[in-house]
Amino acid sequence: LNKDHPLVARLALQTGLPVSLHHDASAAAVAERLSGSAKGIDNFALIFVSYGLGAGIYINGELYRGQHRFAGELGQILVPGQEGPVPIERRTALVDLIDRLGLQPNQPDLLQEIECAAQADHPEVARWLRQAAGHLNWAIDVVDCLLDPERVIIGGQMPASLLRRLIATVLAVGPELTVDRGDRRLFIVEGSADPFFVAIGAAAEPITHAFAPSFSAMLKPPA
């Protein structure tokens, strides 16, 4: 979806309010900067692990969306697979774990079932953690080399206990970063697993714009 999608105009007409669309990772990044692990940080990347994989990026205190608002589509980067290149999210996101556990992505108790499997030390959870951590370490190194952020945050929509295990595995199996960051535990940190964090960020974004307008926007000449 982009800002010109008919849904935007339709919702604005029906509500009488300004309407904008958000990438879920970008919205979560807004929430992280407002009240989470990125509070007070101007340059960071949130790697957002849920059914898919994405990134929310802040540069110099501003949310970066890209020319076509597709910035952060980290999950679409291709990595080698047994039958040819596959999107990295097929190796790192919950879509793969759900398949491994024989669950359905639309079942209402999905997160509870995933948490039960993790607590029961299901072998497929351990396999997924090792695989996902390996690919995430590569993605973190790419983000670090490209953006030089102060911090990389790993968050998403999953059981909080599973997120903590994922981050612990990333730190345990990861090689040293290309850029010397010292203690990786201070650079790669835990974000929120709150399922409502995306909504919080999406709701907060227009408020933050009203009280802290974009410097780059102020530099643009009036239309």
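Which residues in α4 meet which residues in α5? L94, L97, I98 and L101 in α4 meet L110, I114 and A117 in α5, where contact means heavy atoms within 4.5 Å.

## Basis

This is a predicted model, in which local features need pLDDT of at least 70, side-chain atom pairs count only at pLDDT 80 or more, and totals for chains, interfaces and linings use all residues. Residues are numbered from 1 along each chain as its sequence is written, and side-chain values use heavy atoms, with hydrogens and water left out.

## Packing of α4 and α5

Helix α4 spans residues 94-101 and helix α5 residues 110-119. Helices (H or I, at least four residues) and strands (E, at least two) are DSSP runs, numbered from the N terminus. The two helices pack at an angle of about 70 degrees, with their axes 11 Å apart. Axes are lines fitted to C-alpha atoms, for helices over the stretch in contact, and angles run from 0 to 180 degrees between N-to-C directions. α4 and α5 are therefore roughly perpendicular to each other (65 to 115 degrees).

The contact of α4 with α5 involves 7 nonpolar residues, no polar and no charged ones. Nonpolar covers Ala, Val, Leu, Ile, Met, Phe, Trp, Tyr, Cys and Pro; charged covers Asp, Glu, Lys and Arg; the others, Gly among them, are polar.

## Salt bridges

The structure holds 7 salt bridges, each a side-chain nitrogen of Lys or Arg within 4 Å of a carboxyl oxygen of Asp or Glu. One of them pairs E124 with R100 (2.9 Å, N to O). E124 lies in helix α6 (residues 123-147) and R100 in helix α4, so the pair ties together parts 24 residues apart in sequence. E124 is buried at 19% relative accessibility, while R100 is partly exposed at 26%. Buried means under 20% relative accessible area, exposed over 50%, and partly exposed in between (1.4 Å probe, protein chains only). A network of salt bridges links D96, R100, E124 and R127.

E190 and R164 also meet through their side chains (3.9 Å, N to O). E190 is in strand β7 (residues 188-190) and R164 in helix α7 (residues 160-173), so this bridge joins parts 26 residues apart in sequence. Both are partly exposed: E190 at 33%, R164 at 45%. D42 and R33 form another salt bridge (2.5 Å, N to O). D42 is partly exposed at 36%, as is R33 at 26%.

## Before α1

D4 sits in the segment before α1 (6-15). D4 is exposed, with 63% relative accessibility.

How values were computed. Angles under 35 degrees count as roughly parallel, over 145 as roughly antiparallel, 65 to 115 as roughly perpendicular and the rest as oblique.
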